[in-house]
Amino acid sequence: RYILGHDTEATVESQHMIVEVDAGEVIHQEKFETPICKTYADFYNVALPNYIKCLDETLNRFIG
């Protein structure tokens, strides 16, 4: 949907895992702007630093 909709705002987040998909409590969320991405690889390259930041913030919350 992101690529087909030509979106330029994206979010990555970490969640507590429960049985239902994407229904767990959000631990940390990173919102960011992107250029219009034509492929998943294009989006991944733009989003990767935000995934890393989200993971770092999530781990810091639990291990200080």
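**Stop one: a buried serine**

Select Ser14 to begin: at 14% relative accessibility, this residue counts as buried (under 20% relative accessible area; exposed is over 50%, partly exposed in between, with a 1.4 Å probe and protein chains only). Before going further, note that this is a predicted model, where local features need pLDDT of at least 70, side-chain atom pairs count only at pLDDT 80 or more, and totals for chains, interfaces and linings use all residues. Residues are numbered from 1 along each chain as its sequence is written, and side-chain values use heavy atoms, with hydrogens and water left out.

Ser14 sits in strand 1 (strands are DSSP E runs of at least two residues, helices H or I runs of at least four, numbered from the N terminus). Leaving aside neighbours within four places in sequence, Ser14 is in contact with Glu25, Val26, Ile27, His28, Cys54 and Thr58 (heavy atoms within 4.5 Å).

**Stop two: the cysteines**

Now click on Cys54, which is buried at 5% relative accessible area. Cys37 is buried too, at 4%. The disulfide count is zero (a disulfide needs two cysteine sulfur atoms within 2.5 Å).

**Stop three: the core**

Finally, select Tyr2, Ala10, Val12, Phe32, Cys37, Phe43, Ala47 and Cys54, the largest nonpolar core (buried Ala, Val, Leu, Ile, Met, Phe, Trp, Tyr and Cys residues joined through side-chain atoms within 4.5 Å). Strand 1 (9–15) and helix 1 (40–63) each give two or more residues to this core, and helix 1 has the largest share, three.
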